[in-house]
Amino acid sequence: MTHVAVIGAGFSGLAAALRLAQAGAQVTVLDALDRPGGKAALGYDDFSSGPTVVTMPQIFAALHARLGWDAPALTPAHPTTTYHALSGRTFAPEALNVVGSLDPTMTQLSRAEGRRYRQLLFAARQMYSGAADTFLFAPPPTRTQLAQYALRAGRQAAPLTPLARYVRSGPFLTPFWLRFATYLGADPYRAPAVLHNIAWVELGDGIWHLPGGLLALAERLYAEALDRGVRFEFGIQVQHLSTHGGRVLGAHTSRGAFAADRWVSAADRALTLGWLGQDTPTTPRGVSGFALQLRLGEDLGQGHHIFWPADYAREWQDIRAGRLPSEPTLYLHLDGPRAFLLVNAPPDPRLGLSPERKADYARHLLQRLQSRFPLPVVEWQALAPADYARTGLGGALYGRAPHGLLGSLRPGWRLPQARNLVQVGGTVHPGGGVPLSLLSGWNGAGSLLGLDYDSLDGEKAFGKPAPAIKQAFSQGPD
């Protein structure tokens with residue numbers, strides 16, 4: 001029986017462990033935290049400190065089916081998110097495939113804004129449809145496959161156009177479209193236009209609530225892995241991976257040496273390279289976060305809100321300069337008697353190391369939130385880039401920054417200096433976020449044992465057009 005060690009018990013590591021156990025391997029998972037869930041497991045025990053909702057529901061349904069579980073009881077968010085401008089104007093778009101019409105969204109926009117919204121939603125769908133078979137629901141692409149994509153669909157991805165120019169649509173909607181690139185850790189003013197495809201995932205297919213949230217899913221995956229014989233070692237830090245002849249022989253950890261036949265690293269790829277004795281990559285890191293986990297004095301239900309600052313571009317100037325932004329965009333997730341507030345931050349673990357500085361900035365954010373959306377806060381806890389650095393180099397949430405013409409391409413699962421190791425997770429193919437991390441862990445681990453690729457896509461969202469898509473775009477983007 002092959003013994004495989006999985007480094008990391010986030011969503012990609014849990015998916016990897018389950019795929020390996022399902023194939024008959026002996027599996028041990030090592031994690032520096034004290035519970036499963038990766039970024040979602042930082043902070044309070046009953047809070048997610050990472051994602052708050054899910055997208056791409058077909059991946060969750062397919063994973064449940066592979067594990068023999070009942071289909072997940074996912075419910076769509078109505079609207080997807082409510083956006084608040086300083087002027088008092090709000091915008092609450094609905095997902096096209098959820099409500100079956102663009103009308104509820106169009107009624108909130110002027111005629112010119114509505115026309116531009118429709119154009120950019122159509123473009124996002126085209127980009128997503130053209131890229132998904134190569135970059136999402138497939139193994140890491142070869143050079144030949146990349147060339148085929150470039151010939152078939154590369155032009156519609158506007159390869160020579162920056163995202164900020166591509167989505168220009170007036171002072172109210174431009175920040176709205178730019179924000180989707182931050183889902184992969186990008187500075188939207190440095191991101192390529194192809195990242196516009198992310199908008200379709202949310203505005204086309206919607207965002208969804210998972211019963212109990214993502215921490216509950218992590219706990220269920222963990223329990224399933226235990227039932228299948230997977231062994232977990234928490235509170236153990238990998239310090240170095242020993243190699244010989246292009247193979248990993250063992251790991252030096254905070255609790256001594258550990259050996260295995262094969263290895264899966266679900267940690268940040270930059271950390272894996274460091275453990276292998278490679279130089280830390282010099283490519284810029286994607287953004288980190290500064291978060292507040294809030295306990296409320298009453299149940300406010302569920303909802304998602306974005307509060308724009310006076311100057312969105314200035315926020316990113318601050319982040320590029322390595323400063324916590326003084327007027328950041330506020331993301332607020334309401335979940336009954338709890339709330340989660342998140343802002344973008346530079347990937348610098350020195351930010352938040354001082355308890356005084358951390359508390360001062362947390363109070364600053366809370367004051368800004370309360371001035372625009374009063375909440376009955378009774379208790380709060382802050383998480384800074386220093387806290388997120390426990391799961392990623394520098395605290396970057398999704399690894400290297402996806403900037404420039406080729407910046408959105410993610411490295412594959414294999415490392416030439418370690419033939420018996422695969423790298424999975426949000427810093428490699430197919431990308432960041434829980435759905436793609438599950439895909440990466442499930443299939444990257446499968447490739448280690450020579451298993452067939454499993455797309456986990458169910459009925460592809462970009463496949464046969466739903467009636468709502470046909471109706472909305474029957475006359476083209478205009």
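**View 1. Tyrosine 312 is tucked away at 6% relative accessibility.** That counts as buried, a word kept for under 20% relative accessible area, with over 50% called exposed and anything in between partly exposed (1.4 Å probe, protein chains only). This is a predicted model, where local features need pLDDT of at least 70, side-chain atom pairs count only at pLDDT 80 or more, and totals for chains, interfaces and linings use all residues. Residues are numbered from 1 along each chain as its sequence is written, and side-chain values use heavy atoms, leaving out hydrogens and water. Tyrosine 312 makes an edge-to-face aromatic pair with tryptophan 316, at 6.4 Å centre to centre and 80 degrees between the planes. (Rings of Phe, Tyr and Trp, the last by its six-membered ring, pair with centres within 6.5 Å; planes under 30 degrees apart are stacked, over 60 edge-to-face, the rest tilted.) Tyrosine 312 and tryptophan 316 sit four residues apart in helix α12 (residues 312-320), so about one helical turn separates them. Tryptophan 316 is buried too, at 0% relative accessibility.

View 2. Phenylalanine 91 belongs to strand β5 (residues 90-91) and tyrosine 117 to helix α5 (residues 111-135), so the pair ties together parts 26 residues apart in sequence. The structure holds 21 aromatic pairs, and one aromatic cluster includes Phe91, Tyr117, Tyr312 and Trp316.

**View 3. Helix α2 (residues 57-66) crosses helix α15 (residues 434-448) at roughly 40 degrees.** Their axes come within 10 Å. (Axes are lines fitted to C-alpha atoms, for helices over the stretch in contact; angles run from 0 to 180 degrees between N-to-C directions.) On the α2 side, the contact (heavy atoms within 4.5 Å) uses Ile59, Phe60, Leu63 and Arg66. α15 brings Val434, Pro435, Leu438, Leu439 and Trp442.

**View 4. Serine 437 lies in helix α15.** Serine 437 is buried, with a relative accessible area of 11%. Leaving aside neighbours within four places in sequence, serine 437 is in contact with Ser12, Gly425, Gly426 and Gly431.

Terms used:
Helix = DSSP H or I, 4+ residues; strand = E, 2+ residues; numbered from the N terminus.
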